Amino acid sequence: MFKRVLVTGGAGFIGSAVVRKLVGVGTPCVVNVDALTYAGNLDSLLTVEQSPSYHFVHLDIADGDALGDVFANYRPEAVMHLAAESHVDRSIDTPAQFVRTNVDGTRMLLEVSTRYWRDLGSAEGSRFRFLHVSTDEVYGSVGAGVEADERARYAPNSPYAATKAAADHLVRAWHHTYGLPVVTTNCSNNFGPFQFPEKLIPHVILQALSGKPIPLYGDGKHIRDWIFVDDHVDALRAVLERGRIGEVYNIGARCRRDNLTVIRGLCVLLDELRPREGRGSYVQLIRQVDDRPGHDRRYAIDSTRIETELGWKAVEPFERGLRKTVEWYLVNQWWWDRVLNGSYRLERIGLEV
């Protein structure tokens, strides 16, 4: 186990799950570097913020000088790079921010990591790892019956996917050009507790609970490959600890559902767990809306390599994970209330470590 791990984007949905897990399994030093943009939420880390092993640093990964200070102060043995702008709709409206964070930010992190790694002694340098966490969206839409493996052609169709693809290529280039010991993962759609409400599953839950229309893009037959966030975190730890340097590992649960099926499933769960009191099923709130530009039709990822080489396999069935997620949002209204009213951000002014 790595004793000192630097996690970028550790206040985000997946990043906070990584941080909570690392602290929970006894990692002596976990450093969370996050710029705290709109989706970064320190409320997701309340269970670990008092731990002596947890350290938070408020900075933008594009700030090379500040980033260099973090490396010098904490001497990480591994970097888990999860910092990214990640919402497709936002990337369509504001692509420049996605380029800045996902491409320029990754390039800066690679430069600082390389300088730091080169100054390590031979023993420390041979153990150092840079784990780049990416997405299956870099492969674009795949046809029926097809699964994208690590050799699949890159075909990003949104500004978000394009910037993640660019970051993947930069990480590969830094390994082959400068020798930086990297591993890359490309994961399918995550879901679970603490997910920012603009994403499909929490958005549907909160729209339904408020009695507002539940939007369904196009015909609702767009297929996504779903994985519970805790399974993803376990996969990332396996890749960090045992993955082969320079390799790519696809992470998925082979759990494909079209959007309409997911939305209807959420409505059924809410009908059971929080009935509408004589107003009928939540399904009645579903409203078809125009499809978004460049909306990929089908994602399907082949995770054979990580399963066979590293012995990891997703364990959370989709339906059970979906129930856990709905139950969490019902119990933790305090968390999403603070997200929706913006107070989770207003309290961060001047936060520094």
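## Overall picture

Among the contacts in the protein with a separation of 6 or more, 81% are between residues 24 or more positions apart. Please keep in mind as you read that this is a predicted model. Its secondary structure comes to 13 helices and 12 strands.

How does the radius of gyration of the protein agree with that of a compact globule? A compact globule of 353 residues would have a value near 20 Å, and the protein has 20 Å, so the two agree. Along the principal axes, the C-alpha atoms fill a box of roughly 70 × 45 × 40 Å. Of the 353 residues, 56% are buried, if you count as buried anything under 20% relative accessible area.

## The open sheet

Let us turn to the strands. Seven of them, in the order β3-β2-β1-β4-β5-β6-β10, form an open sheet with parallel pairing. Which strands stand at the edges? They are β3 (54-58) and β10 (248-251); each has a single partner strand, so one side of each is left without a neighbour in the sheet. From one strand to the next, the twist averages 20°.

One pairing is worth a look in your viewer. Strand β1, residues 4-8, joins strand β4, residues 78-81, in the parallel sense, with 4 bridges between them. Here V7 stands opposite M80 in β4. In general, strands of a sheet pair through backbone hydrogen bonds, and they may do so in a parallel or an antiparallel way.

## Helices on the sheet

Helix α2, made of residues 64-74, lies across β1, β2 (29-34), β3 and β4, and it runs at about 175° to β2. Helix α8, made of residues 229-242, packs on the sheet as well, where it touches β4, β5 (129-135), β6 (182-187) and β10. The direction of α8 makes about 145° with that of β5.

## Where α1 meets α8

Helix α8 also has a helix partner. Helix α1 (residues 13-24) packs against α8 at an angle of about 65°, and the axes are 10 Å apart. Is this crossing left-handed or right-handed? The crossing of α1 and α8 is right-handed.

Sorted by class, the contact of α1 with α8 has 7 nonpolar, 1 polar and 3 charged residues.

How values were computed. Residues numbered from 1 in each chain as written. Predicted model: local features only at pLDDT ≥ 70, side-chain atom pairs only at ≥ 80, totals over all residues. Heavy atoms only, no water. Pairing = 2+ DSSP bridges. Helix = DSSP H or I, 4+ residues; strand = E, 2+ residues; numbered from the N terminus. Axes fitted to C-alpha atoms, helices over the stretch in contact; angles between N-to-C directions. Contact = heavy atoms within 4.5 Å. Left-handed = near helix turned anticlockwise from the far one by under 90°. Nonpolar A, V, L, I, M, F, W, Y, C, P; charged D, E, K, R; others polar. Rg over C-alpha atoms; globule rule 2.2 N^0.38 Å. Buried < 20%, exposed > 50% of the residue type's maximum accessible area, 1.4 Å probe, protein only.
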